[in-house]
Amino acid sequence: MPRFAANLTLLYTELPFLDRAAAAARDGFEAVECQFPYEHPAAEFAARLADSGLPLVLMNAPPGDAAAGERGLAALPGRQADFRHAIDTALAYASVVRCPRLHVMAGRLPAGTERAALQPTFVENLAWAARQAAGTGVDLLIEPINLRDMPGYFLNRQDHAHEIVQLVNAPNLKVQMDLYHCQVVEGDVAMKLRQYLPTGRVGHLQVAGVPERQEPDIGELNAAYLFDVIDALGYGGWVGCEYRPRGETSAGLGWRQR
Ligand SMILES: O=C(O)[C@@H](O)C(=O)CO
Ligand SMILES: [Mg+2]
């Protein structure tokens, strides 16, 4: 069975954010991850993580102006200064909460822009960020995300993410492979795991049921089969549980036994 991390942004939303790590520990999770923790002072979050006994294994860098619809800055021409500030903020926060992985979001295609025109900015910004993170023990991750959930998002496919990682060619830049997005965009999930996990360029996995993004065993994916594939490939990293529970979080955890 893979090692599961509870995503504190989507799970345990019955509780205040800072109470969620303890709830995950009570439910037997060995780690937690989250999306954007920045409204909580890093020292306070670090203390609550320490109380829970669980490590934080992944969080996102700030996404830019989320209220205005921004979902990352890394691929946006003309926003390099804001991108660099976001990375510096994330690395400082990560060092306090001892988080070893940062998801760096690409952003949405600005209206009237060709997708290919953004690639040089994405590669250049990621190379800069990888240099900033070098020596901190933090890996940077890029995640293909489906266009149904995030219209206009720049990075959608596994092959594109791996192409970018190879172009940047930094040992601390990897792919965050979310099986939910992978199934929505391209399918053939087990074969993609077999193709990409052995490359060593996948730094984190995430899972959810498809299409509703509920518990992993609800919907068209065979979660038990995929977990066997992940184990058979010898993947030693974390699988983030990034789904919206159908009801109360703890009551919906039966899929781990099944
Ligand atoms: O799958 C997702 O939506 C995420 O992993 C994420 O970080 C978006 O904020
Ligand atoms: Mg994800």
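The following dialogue takes up a predicted model and asks how its terms apply to particular residues.

Mentor: This is a predicted model, in which local features need pLDDT of at least 70 and side-chain atom pairs count only at pLDDT 80 or more, while totals for chains, interfaces and linings use all residues. Residues are numbered from 1 along each chain as its sequence is written, and chains are lettered from A and ligands numbered from 1 in the order in which they are written.

Trainee: Why is alanine 86 called buried?

Mentor: A residue is buried if 20 or more other C-beta atoms lie within 10 Å of its own, exposed if 12 or fewer, and partly exposed in between, with C-beta atoms placed from the backbone. Alanine 86 has 23 such neighbours inside 10 Å, and therefore counts as buried.

Trainee: In which element is alanine 86, and what does it contact?

Mentor: Alanine 86 belongs to helix α3; helices (H or I, at least four residues) and strands (E, at least two) are DSSP runs, numbered from the N terminus. Two residues are in contact if their C-beta atoms, placed from the backbone, lie within 7 Å. Leaving aside neighbours within four places in sequence, alanine 86 is in contact with Ala61, Pro62, Gly64 and Leu73. Phenylalanine 227, in contrast, is 141 residues from alanine 86 in sequence and 34 Å from it in space, C-alpha to C-alpha.

Trainee: What makes arginine 98 partly exposed?

Mentor: Arginine 98 has 14 C-beta neighbours inside 10 Å, so it counts as partly exposed. Arginine 98 is placed in the loop between α3 and β4 (101-103). Its phi is positive, about 55°, although arginine 98 is not a glycine.

Trainee: Is tyrosine 12 buried or exposed?

Mentor: Tyrosine 12 is buried, because 23 C-beta neighbours lie inside 10 Å. Tyrosine 12 sits in the loop between β1 (3-7) and α1 (20-26). Phi of tyrosine 12 is near 60°, a positive value in a residue other than glycine.

Trainee: How do you know that α2 and α3 meet, and what is the hand of their crossing?

Mentor: The axes of helix α2 (residues 42-52) and helix α3 (residues 80-97) come within 8 Å and cross at roughly 35°. Such axes are lines fitted to C-alpha atoms, for helices over the stretch in contact, and angles run from 0 to 180 degrees between N-to-C directions. The crossing of α2 with α3 is right-handed; a crossing is left-handed if the near helix is turned anticlockwise from the far one by less than a right angle, and right-handed if clockwise.

Trainee: Which residues make this contact, and of what class are they?

Mentor: From α2 come Ala42, Ala43, Phe45, Ala46 and Leu49, and from α3 come Tyr93, Val96 and Val97. They divide into 8 nonpolar, no polar and no charged. Ala, Val, Leu, Ile, Met, Phe, Trp, Tyr, Cys and Pro count as nonpolar, Asp, Glu, Lys and Arg as charged, and the others, Gly among them, as polar.

Trainee: Where does alanine 50 lie, and why is it called partly exposed?

Mentor: Alanine 50 lies in helix α2. It has 13 other C-beta atoms within 10 Å, and so is partly exposed.

Trainee: What makes a set of residues a nonpolar core?

Mentor: A nonpolar core is a set of buried Ala, Val, Leu, Ile, Met, Phe, Trp, Tyr and Cys residues joined through C-beta atoms within 7 Å. The largest here has 75 residues, of which Ala5, Val32, Val104 and Leu126 touch the most other members. Helix α3 gives the most to this core, with 7 residues.

Trainee: Which residues surround ligand 1?

Mentor: They are Gln35, Asn60, His103, Glu143, Ile145, Asp178, His181, Gln206 and Glu242. A residue is near a molecule if its C-beta atom, placed from the backbone, lies within 6 Å of it. By class, this shell has 1 nonpolar, 5 polar and 3 charged residues.

Trainee: Why is arginine 213 partly exposed?

Mentor: Arginine 213 has 19 other C-beta atoms within 10 Å, and is therefore partly exposed. Arginine 213 lies in the loop between β7 (202-207) and α8 (223-232). Proline 211 is also placed in the loop between β7 and α8, and a cis peptide bond with omega about 15° joins valine 210 to proline 211.
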